[in-house]
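Please have the sequence and the model at hand while reading.

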Amino acid sequence: MEDQDGMEQAEHDLLADLRRARRSFRLQDMDESAAAACLTPGQRIADAVASVMGSWSFIIVQSAILVVWIGANLVSAIRGWDPYPFILLNLALSFQAAYAAPVIMMSQNRQQDIDRKAAENDYRINVKAELEIELLHEKIDQLREREVLKLTEAVRMLTELLEQSASGAREADAEGGRRS
């Protein structure tokens with residue numbers, strides 16, 4: 001029941017199923033430039049704030065500013081604009097944290113959405129790979145079945161030849177024994 005390509009109907013069915021599965025599992029484009037082009041101004045600002053505030057340069061600069069602020073107010077304790085316990089500094093840092101935290105959370109939420117889409121894309125790739133592997137297993141199993149059938153047929157033919165050869169040798173021995 002093989003066609004001109006030497007493929008059985010089961011192989012054609014498997015290939016057709018695989019092609020349908022491939023079409024249904026189209027990969028989503030993960031083009032970063034296209035994703036960045038459709039960002040709103042608020043998303044761009046959130047990303048910029050998160051990238052600046054999440055860097056070592058920001059931590060170093062802010063630490064330097066804090067040291068200068070505290071040092072200037074301790075050295076000039078008599079005329080300092082924010083004497084110990086640095087209430088103005090606490091107010092400034094609280095103000096910074098109150099605005100920075102939500103902006104950073106917005107950027108993290110957007111990045112989480114991007115990561116979720118990437119995970120979905122990875123899942124689709126894994127499903128496609130699984131389908132490919134299943135198809136290869138089916139083909140190998142079919143090839144193995146064919147080889148077993150061919151080997152079984154070859155063994156049967158060799159057995160028949162051996163039996164014919166053995167019966168021919170017995171007949172030759174029997175004829176040689178009658179002549180003597």
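## Terms and model

A residue is called buried when its relative accessible area is under 20%, exposed when that area is over 50%, and partly exposed in between. The model described here is predicted.

Side chains of opposite charge can pair when their charged atoms come close. A salt bridge is counted when a side-chain nitrogen of Lys or Arg is within 4 Å of a carboxyl oxygen of Asp or Glu. Searching the whole structure gives five salt bridges.

## A bridge between two helices

Asp47 and Arg110 are joined by a salt bridge between their side chains, with an N to O distance of 2.0 Å. Asp47 is in helix 3 (residues 41–53) and Arg110 is in helix 5, so this pair ties together parts that are 63 residues apart in sequence.

Is Arg110 buried or exposed? Its relative accessible area is 18%, so Arg110 is buried.

Helix 5 covers residues 87–179. Arg156 and Glu160 form a salt bridge here, and their closest N and O atoms are 2.4 Å apart. The two residues are separated by about one helical turn, because they are four residues apart in helix 5. Arg156 has a relative accessible area of 40%, so Arg156 is partly exposed. Glu160 is also partly exposed, at 36% relative accessibility. Through salt bridges that share partners, Glu153, Arg156 and Glu160 belong to one network.

Another salt bridge links the side chains of Arg144 and Asp141, at 3.4 Å from N to O. Both residues lie in helix 5, three residues apart, which is about one turn of the helix. Asp141 has 31% relative accessibility and therefore counts as partly exposed.

## A negative patch

Which residues gather in a patch of negative charge on the surface? They are Glu130, Glu134, Glu138 and Glu145. Glu130 lies in helix 5 and is partly exposed, with a relative accessibility of 47%.

## Glu132 and Leu18

Glu132 is also placed in helix 5. Its relative accessible area is 27%, so Glu132 is partly exposed. Glu132 and Leu18 are 114 residues apart along the chain, while their C-alpha atoms are separated by 7.5 Å.

Conventions. Residues are numbered from 1 along each chain as its sequence is written. This is a predicted model: local features need pLDDT of at least 70, side-chain atom pairs count only at pLDDT 80 or more; totals for chains, interfaces and linings use all residues. Side-chain values use heavy atoms; hydrogens and water are left out. Patches are made of residues with over 30% relative accessible area and no salt bridge: like charges are joined within 9 Å, nonpolar side chains (Val, Leu, Ile, Met, Phe, Trp, Tyr) within 5 Å. Accessible areas come from the Shrake-Rupley method with a 1.4 Å probe; for residues, only the protein chains shown count as cover. Lys and Arg count as positive and Asp and Glu as negative; His and the chain ends are not counted. The place of a charge is taken as NZ of Lys, CZ of Arg, CG of Asp or CD of Glu. Buried means under 20% relative accessible area, exposed over 50%, partly exposed in between (1.4 Å probe, protein chains only).
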